[in-house]
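Here is a short report on charged side-chain pairs. Please look over the sequence and the model before reading on.

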Amino acid sequence: MINKTFVSIIIAGLVSSFSVMAQVELPKLVSNGMVLQRDAEVRLWGWASPGEAVRINFKDQQYQATASENGDWEIRLKDLKAGGPYQMQIAASNQIVLDSIYIGDVWLCSGQSNMEIPMSRVAPLYEEEIASANNQNIRYFEVPKEYDLSKEREKISGGHWQETNRNNIDGFSAVSYFFGKNLYETYKVPIGLINSALGGSPVQAWLSEDALKNYPEYYEEAQRLGKPGVIDSLEKIDQDRIRGWYAEVNSGDAGNSNHWEQKDLEDSGWTEFVVPGYWNFDGKEKQNGVVWFRKKFEVSEAQAGQSAKLLLGRIVDADSVFVNGEFVGNTTYQYPPRRYEIPKDLLVQGENTISVKVLNERGRGGFVSDKPYEINFDDESKIELSGKWMHKAGFLTSPLQPQTFYRWKPEGLYNAMIHPIEKYHIKGVIWYQGESNTGDPEAYKTLFPDMIADWREKWGQQPEDFPFIFVQLANFMEAYDAPTDSNWARLREAQLETLQVPNTGMAVAIDVGEWNDIHPLNKKDVGDRLAQAAKNLAYGEEIVAGGPIFESYEVKGDSIEIHFKNVGDGLMAEDGELKEFAIAGKDQKFVWANARIEGDKIVVFSPKISNPVAVRYAWANNPENANLYNKEGLPASPFRTDDWELSR
């Protein structure tokens, strides 16, 4: 005899399971606060039970779709005009209501760390901007930073739309925000910013498998690493090696066991050290492990008891900081600026002590020059900390070999951070990347254009409907007294040549970099220049899209005439005579040249070169004196007239 109670339980379980399966699911981008692209055919999509009817009510219009046998469904909206906020109802076996929906322009913001860096990182330049942020029409979505070398993902794991306000702007990409703000202030339509960027990423990590087939070396690497279990195994080996190195260093560090962070530690046996600078024990420049630093300083009666900000420039690689024996903060890698809060009442009148534990994995360890090392008080007084410190090695050992970052491997970021969002209709792309490809700038000349074509194909948008605007690399590293050749200059050339791809634009940034920081703080000029290009390229404004671009040259006796496009209202030299022009004869040896503006051309010459054949401008890692602009205030792109091989 059949147990009726048992059958009832089984039936109830099946009904419950079917109910769960039938729940309509939306991608993370299709959510509260989203911005939909105006004047376009917009796709909304999701998942439900096979054959399930999905209905959408939006702006008094009814839409319907039926889920496929795989559970996928898609609905297309047309003729959306800018505005908002609106509400959307989605009905299947369950009901979903989305609020605060806007219609405007949606831009994808991608690349590596300079696109990723948030407003909090650049805050010292934009304190008022951050404090007054309040605009519900500028909305931001950050794609989770993940990779997948085995497959194209259909979903991203998280993320949500945020309006611009003081509570959340700290986390917004700075370049993205300034770009979006500029566009909003011009067109007064909602702006959606989707940030999908990852620090350190090379361009090949953003290509799909289809595009990688043109590059057998990258394609084969992606195929090998994508096999089940390969990455897990390799990462475990890497992590075990790194953990072992850190365990040795931390256990051997005499500073930890003897509490060298103490305020009143007897440090007469320590040796002097000048901050900023790099440590050097026994004449050996590259020594790795842990070194401790201490400095005593005087605090006035007025300063004592105030809260204060401790600025320690940049430190290679990681640091832990103590003031009067109390821990005030740490940073785990070399790039972020060190900014620490000193609590009220921690500093006392008279003598105080800072102790800094620095851990260095490889290369030179220490304090980066030309950065602020100081304490800033609420009353705007400050204490200078550069100069004499004391230091002592806690534990020195062999260097830690670099970690293998599998998240940067070919295809991985495309699979996890681009493919899942390709159905979301966008106005265009802004891109800031290239630093990680400077090792092979020649390859970038094909990789980058291929990525642009790949994305346009995957989005299903024609080039004329898919503007792609990118940032040319900023100036970086030490400047040289004589003309040089460099991979950074040649990577900028690869970016310049990418303008031959239809519907592309470029923002020049050789005047906003910092010689000692690959992550310059000036992100507003970058965002504004991207917006300037977008206004011309994506919005059809008849304006100068960027700075002067080399067009042609002509040798005339002992000089060379350079002709430009994007001249605008005319060429100009900022701060006096033109600089960073170099000229060479057939021996290919460049010398600094004189240059003068004559109308829309520049005449370049040197008494040292009687028969010139080539000119270069701003051709260096850091052309710090480059000063050719158009009268719209936009800098000229670096260029060369020759096609000579890279020289060293």
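## Basis

This is a predicted model, in which local features need pLDDT of at least 70, side-chain atom pairs count only at pLDDT 80 or more, and totals for chains, interfaces and linings use all residues. Residues are numbered from 1 along each chain as its sequence is written, and side-chain values use heavy atoms, with hydrogens and water left out.

## Salt bridges overall

The structure holds 42 salt bridges. The term means a side-chain nitrogen of Lys or Arg within 4 Å of a carboxyl oxygen of Asp or Glu. Side chains of opposite charge can pair when their charged atoms come close.

## A link from helix to loop

Glu 116 and Lys 145 form a salt bridge, at 3.2 Å from N to O. Glu 116 sits in helix α2 (residues 113-116), and Lys 145 in the loop between β8 (134-142) and β9 (162-165), so the pair ties together parts 29 residues apart in sequence. Helices (H or I, at least four residues) and strands (E, at least two) are DSSP runs, numbered from the N terminus.

Lys 145 is partly exposed, at 34% relative accessibility. Buried means under 20% relative accessible area, exposed over 50%, and partly exposed in between (1.4 Å probe, protein chains only).

## Arg 153 and its partners

Arg 153 forms a salt bridge with Glu 146, with the closest N and O atoms 2.8 Å apart. Arg 153 also meets Asp 148 in a salt bridge, at 2.9 Å from N to O.

Glu 146 is partly exposed at 25%. Arg 153 is partly exposed at 23%. Asp 148 is buried, at 6% relative accessibility.
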